[in-house]
Amino acid sequence: MKQTEVAVYYFPNYHPDPLNEQWHGQGWTEWELVKAARPRFQGHEQPKIPIWGYEDESDPAIMAKKIQAAADHGISSFIFDWYWYENGPFLHGALERGFLKALNSEQLKFSLMWANHDWYDIQPAPRNFRSNLAASGKVTEEQFIKATDYMIEHYFHQPNYWRVDGGLYFSIYELMNLIEGLGGSYTETKRILEDFRTRVRSAGLGELHLNAIVWGVQNLPGEKAIEDVNKVLEDLGFDSITSYVWIHHNPIPHFPMSDYSLYRELSVKDFERFTNEYDLPYFPNVSMGWDSSPRTIQTDVYDCVGYPYTPILVGNTPEQFEKALWEAKTFIDKGIAKPGILTINSWNEWTEGSYLEPDTRYGMRYLEAIRDVFGVKNKPHSRSEVG
């Protein structure tokens, strides 16, 4: 039986970036929100404290530690949340200065998910937050070509860029933003995506594998669900579907907290539901947890008034997370959905409470859960190992 590929989302907001410094000041990173988080109810486990400290992910030596930990615990690939707005790139330091320059980068594959959602100032958000748009996720055709040419030149030729069924895996988070930015026409969007495929082939890189993130529950402000997933994705020529996080599909039932184990039972039913519902292959998703309270102003009352003032999952211990992984493995091993790919939220969504990086409470146990369920892949030699 072919081994399952375990692909983990990576949120790259833990290094200095010019736009962040413009918005928040010199040296700001999302670690500031992690440090400032406080309990919002009795028994609420905040702040979360990273056992490695509040490190700069754009440092290749720091990233090398992350790569090694991921590879040693059965993770196949990082899927980097990748940002490019109408005024250009954002948050590229983790991938370009960190991952790609790490001496052991070839231990792990990588790919891109264009996180083309609207970027709101929610670092942190007041409870009366409605809309403070910092950057729109919609881009014009001219900017789309610039961004995708940049991908072709800087990433797709890398020997460890992740391929699925032979195609370069490229995922898009917000399809409706993409379509609206490209003029609102499915026909025009299809033409532009086909041109993207042609440019990849012309670069001698073979085929693209276009993946769509889908959901039915709005989370971030401005998100729009696709009304007829099968028709839209067929019209646009996509190859597969997956999810980013469980809460995109099922509301967390109780405020301020709900039990992870009960929510897991609800969410794993989506594996079969989506496989049957969608015409394209669906890659199951497992989420480690959910707690967006670090993105709130800590002195504001924590009521259920919308993201990031949302219900929190509690009891998401490594043991409970491992049960979700076994559910996913059992489903994938049935061979209903091919190829055997699992996406996980997330390597480091610290301010949304869904992270695998070691903290001071559980250490490496979330990573060990992945290793215990999926084993460790045979890894290529790193540049440091081959000298």
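Which elements are included in what covers the buried residues of α3? Among them are β1 (5-10), β2 (77-85), α4 (93-99) and α12 (365-374). Helices (H or I, at least four residues) and strands (E, at least two) are DSSP runs, numbered from the N terminus.

The model is predicted: local features need pLDDT of at least 70, side-chain atom pairs count only at pLDDT 80 or more, and totals for chains, interfaces and linings use all residues. Residues are numbered from 1 along each chain as its sequence is written, and side-chain values use heavy atoms, with hydrogens and water left out.

**Stop 1: helix α3**

Select residues 60-72. At 1.5 Å a residue, with one less than the number of residues counted, these 13 residues should span 18 Å, and the end C-alpha atoms are 18 Å apart, so the two agree. Ile62, Met63, Ala64, Lys66, Ile67, Ala69, Ala70 and Ala71 are buried (under 20% relative accessible area, with exposed over 50% and partly exposed in between; 1.4 Å probe, protein chains only). At the start of the helix, find Asp59: one of its side-chain oxygens comes within 2.9 Å of the backbone nitrogen of Ala61. After the helix comes Gly74, with a positive phi near 90°.

**Stop 2: a cavity**

Now select Trp31, Pro50, Ile51, Trp52, Gly53, Glu55, Lys66, Trp350, Glu357 and Pro358, which line the second largest cavity. Its volume is about 50 Å³. A cavity here is a set of points on a 1 Å grid over the protein atoms alone where a 1.4 Å probe fits but cannot get out; lining residues have an atom within 4 Å of a point. Volume is the space filled by probe spheres set on the points, which are joined across faces, edges and corners.

**Stop 3: Phe321**

Phe321, with Tyr155 and Phe156, has the most contacts inside the largest nonpolar core, which has 121 residues. Such a core is a set of buried Ala, Val, Leu, Ile, Met, Phe, Trp, Tyr and Cys residues joined through side-chain atoms within 4.5 Å. Residues up to four places away in sequence aside, Phe321 touches Tyr260, Val286, Ser287, Met288, Ile344, Leu356, Tyr366, Ala369 and Ile370 (contact: heavy atoms within 4.5 Å).

**Stop 4: Val200**

Go to helix α7 (residues 186-202), where Val200 lies. Val200 counts as buried because its relative accessibility is 0%. Beyond four places in sequence, its contacts are Ile152, Phe156, Leu168, Leu205, Gly206 and Leu208. The C-alpha atom of Val200 is 9.8 Å from that of His157, 43 residues apart along the chain.

Key
A polar contact is a pair of N or O atoms within 3.5 Å; within protein, one must be able to donate a hydrogen and the other to accept it, and residues adjacent in sequence count only if both atoms are side-chain atoms. On a 1 Å grid over the protein atoms alone, a cavity is a set of points where a 1.4 Å probe fits but cannot get out, and a pocket is an open set with protein on both sides within 12 Å along at least five of seven lines; lining residues have an atom within 4 Å of a point.
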